[in-house]
Each structure stands twice: as structure tokens, then as C-alpha cells.
Amino acid sequence: MSGRGTRPALAVLAAAAVLALAGCGDSGSDSGASGASGAELSVGAAYIPQPVSASMAAGFLTITNEGDADDELTSVTSDAGDVTVHETVDGTMKEVDRLEIPAHGRLVFRSGGNHLMFEKLKRQPKQGESVTVELHFAQSEPVTVEVPVKAATYQPGDGHSAHTGN
């Protein structure tokens with residue numbers, strides 16, 4: 001959480017980089033950002049299975065860092081409801097304040113693993129709709145992603161390579 005807002009000129013440069021970056025993943029669900037830290041982030045393979053609960057949903061995506069520096073996902077916001085970040089270790093889920101995105105690596109959110117938890121939904125999202133989320137990072141500028149709502153039984157391909165259009 002330190003370092004944000006301390007480099008205005010680099011923040012402007014990072015914002016320009018957001019417009020220039022293009023990642024891979026489901027069309028309409030990709031966004032990218034480059035932070036002052038040297039991280040080069042892109043988001044793909046984002047989806048929410050249509051929730052069975054009117055008040056809760058899970059979200060999944062992949063954040064790829066092609067830069068030379070680590071970064072961290074520190075929070076996620078959405079006007080759809082409250083969003084928390086959960087880590088799953090040895091079958092146990094727990095809410096966390098941040099998750100690392102290693103340089104030249106990926107942070108993958110998938111069923112049975114790390115995931116986003118949407119709570120206190122203002123309305124239940126339906127298949128075919130999208131939910132807007134904003135990802136916040138320790139070093140990089142925020143990234144806004146349109147996350148499509150898929151069938152409750154949707155099973156993506158291999159993480160970032162979910163190009164099937166399902």
C-alpha cells in the first residue's frame with residue numbers, strides 16, 4: 001500500500017500503457033496495466049459461474065505479469081457488491097489482504113483454488129451478462145475488467161488459454 005500516488009509522472013505513463021496493452025483471453029474480458037514498479041500486468045480468462053445464491057458468487061481470472069518486477073493484488077472492487085480475495089491452501093479457504101504476482105509469472109484464480117468472492121450482491125447476475133470489477137495493485141495502476149457470467153456448469157480450458165468462447 002505504500003508507494004501509491006508518489007510518482008505522478010509515472011502514473012500518467014502507466015495510464016497511457018494501459019491503453020496500449022492487449023492481452024489474451026476471452027474477448028471482452030482483457031485489460032492490462034503497467035506500473036511504475038516494472039510490472040506489466042494483463043488480465044484474461046475471466047468469468048463468474050452463474051450464481052445459485054442471490055447474494056453470493058465466485059469469480060475467476062488470470063493475471064499475467066510479463067514485467068521484470070513482482071507486484072501484488074491488494075483488493076478488488078465492484079459496484080455489483082462487496083468483493084474479497086480468497087486463497088486456498090491444503091483445501092482450506094481463507095480471506096487474504098494481498099496475493100503476489102511474480103515477475104514473468106501468473107496469478108491464477110480457479111475453482112478449488114484462489115478465487116474472488118462476491119458478497120452482498122445488489123442483484124443476482126445472469127448468464128450472458130457481465131460484472132465490472134476493478135483490480136487494485138501495490139505498485140501498478142488499477143485495472144478494470146468486464147467479467148462475463150457463464151453457465152453454472154462452465155469449465156474453462158487451461159487458465160489463460162480459454163479461447164473457446166463458451
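Two strands count as paired if DSSP finds at least two bridges between them. Keep that in mind as we click through this predicted model.

**Stop 1: strand S3.** Select residues 56-65, which make up strand S3. This strand is mostly covered, with 8 of its 10 residues buried. Now look for its partners. S3 and S8 run antiparallel, joined by 4 bridges.

**Stop 2: strand S9.** Click alanine 58, and its bridge partner in S9 turns out to be methionine 117.

**Stop 3: strand S2.** Next, show residues 40-49, strand S2. A hairpin of 6 residues links S2 to S3, and 5 bridges join the two antiparallel strands. Tyrosine 47 faces phenylalanine 60 of S3 here.

Stay in S2 and select alanine 45. Its phi is near 55°, a positive value in a residue other than glycine. Most residues other than glycine have a negative phi. Is alanine 45 buried or exposed? It counts as buried because its relative accessibility is 6%, and the cut-off for buried is under 20%.

**Stop 4: two loops.** Jump to histidine 104, in the loop between S7 (99-101) and S8 (105-108). Histidine 104 is not a glycine either, yet has a positive phi of about 55°. At 55% relative accessibility, histidine 104 is exposed.

Finish at glutamine 139, in the loop between S10 (130-137) and S11 (143-150). Glutamine 139 is partly exposed, at 34%. Its C-alpha is 7.9 Å from that of alanine 39, although 100 residues separate them along the chain.

Conventions. Residues numbered from 1 in each chain as written. Predicted model: local features only at pLDDT ≥ 70, side-chain atom pairs only at ≥ 80, totals over all residues. Heavy atoms only, no water. Buried < 20%, exposed > 50% of the residue type's maximum accessible area, 1.4 Å probe, protein only.
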